[in-house]
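Okay, everyone, thanks for coming. Let me put the structure up and we'll walk through a few bits of it.

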Amino acid sequence: MTTRFGVFVPQGWKMDLAEIADPIEQWEAMTDVAKRADEQSWDSIWLFDHFHTVPEPSDNTTFECWSATAALARDTKRVNIGQMVGCNGYRNPSLYAKIASTVDVASHGRLYAGIGAGWYEHEWKAYGYEWTDVPQRMAAFREATEIIYKMWTEDKPVYNGKYYSIDAPINEPKGVRKPHPSFWIGGGGPKVTLKLVAQYGDAANIGGGNPEVIREKCDILREHCRRIGRDYDEIIKSTGLNVFPIDKGADPTKATQKAVGPMDREKFDRDNFIGTEDEIADKVDAALEAGADYVIFYVPGVAYDLDLLERVENVTKRFV
């Protein structure tokens with residue numbers, strides 16, 4: 001499978017719009033990155049599905065995922081648009097399927113529809129969603145994945161589960177991309193998530209750029225595919241890298257000063273790889289060698305400096 005690359009737009013969730021005061025200017029900064037990526041060679045742009053900032057909830061901006069996805073679908077012409085990943089607990093799965101079908105049409109078939117079980121306890125409770133233990137969340141996630149797939153592939157499907165039910169809903173149009181909107185399932189859980197990928201997914205997102213984890217999860221996914229007769233090679237294996245490109249010999253602290261903004265310096269340095277384009281390329285190469293074939297970059301500070309996007313794009317051109 002050909003190696004492809006995506007990039008997150010600055011959405012506020014990682015405090016990456018905090019140096020811009022006006023919310024309209026924040027939105028336009030997000031849109032500017034999306035439009036620039038659309039002009040470049042990127043395969044996709046991505047958003048997070050969260051309501052509160054990390055590492056701690058704060059009063060800083062976080063734009064809602066699906067509203068932003070729909071808007072960026074109309075602000076761009078070529079690039080695919082995805083969520084890494086949609087939180088199952090925030091939308092009934094039949095509604096999720098309807099939203100995704102609509103956005104797939106609005107984007108002319110460029111949607112990468114992401115789904116995951118969810119994990120950010122604080123925002124679940126703050127927004128009034130019931131926070132359940134992992135087994136219950138995963139069981140609900142399993143049912144939701146089946147319902148979404150049915151909504152995209154069947155006419156008036158019926159499903160009666162423990163957590164969700166549907167009774168012959170009409171979902172028209174089902175989308176543009178055939179046979180259904182591209183379905184990205186996030187997480188590396190061996191017993192539920194990767195099994196769902198093998199059954200229903202067009203793509204998995206695993207590993208967080210860690211080669212050992214990528215290799216392990218790919219092996220598990222390959223075995224799930226073997227058991228049900230699914231072609232492992234037709235599934236995209238994506239992973240994420242948080243990177244900040246700097247010149248050789250540059251002072252990392254000075255180079256990243258604005259990107260850090262109000263975030264804790266130590267956590268920023270721990271969560272992001274700060275290095276030259278050659279060093280970033282080595283990280284990509286290791287992920288691909290481990291089994292990934294799709295890399296999604298998060299580039300802190302890109303809202304304030306669009307040239308960062310071009311520098312990371314230069315890295316991707318070495319692999320395509």
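This is a predicted model: local features need pLDDT of at least 70, side-chain atom pairs count only at pLDDT 80 or more; totals for chains, interfaces and linings use all residues.

Let's begin with strand β2, residues 44-47. Are its faces covered or open? Both are covered: Ser 44 and Trp 46 are buried on one side, and Ile 45 and Leu 47 are buried on the other. As for its pairing, β2 runs parallel to strand β1, residues 4-8, with 3 bridges between them.

Now over to β9, which covers residues 236-245. That strand is mostly covered too, with 8 of its 10 residues buried. Which strands does β9 pair with? One of them is β8, residues 203-205, parallel over 3 bridges, and here Ala 203 has Ile 236 as its bridge partner. Then there's β11, residues 294-298, also in the parallel sense, this time over 5 bridges.

Okay, out to the surface. There's a patch of negative charge here, where Glu 279, Asp 282, Asp 285 and Glu 289 gather. Take Glu 289, which belongs to helix α11, residues 277-290. Why do we call Glu 289 exposed? Because its relative accessibility is 64%, and the cut-off for exposed is over 50%.

That's my tour, so over to you.

Definitions and conventions:
Residues are numbered from 1 along each chain as its sequence is written. Side-chain values use heavy atoms; hydrogens and water are left out. Patches are made of residues with over 30% relative accessible area and no salt bridge: like charges are joined within 9 Å, nonpolar side chains (Val, Leu, Ile, Met, Phe, Trp, Tyr) within 5 Å. Accessible areas come from the Shrake-Rupley method with a 1.4 Å probe; for residues, only the protein chains shown count as cover. A salt bridge is a side-chain nitrogen of Lys or Arg within 4 Å of a carboxyl oxygen of Asp or Glu. Lys and Arg count as positive and Asp and Glu as negative; His and the chain ends are not counted. The place of a charge is taken as NZ of Lys, CZ of Arg, CG of Asp or CD of Glu. Helices (H or I, at least four residues) and strands (E, at least two) are DSSP runs, numbered from the N terminus. Buried means under 20% relative accessible area, exposed over 50%, partly exposed in between (1.4 Å probe, protein chains only). Two strands pair if DSSP finds at least two bridges between them.
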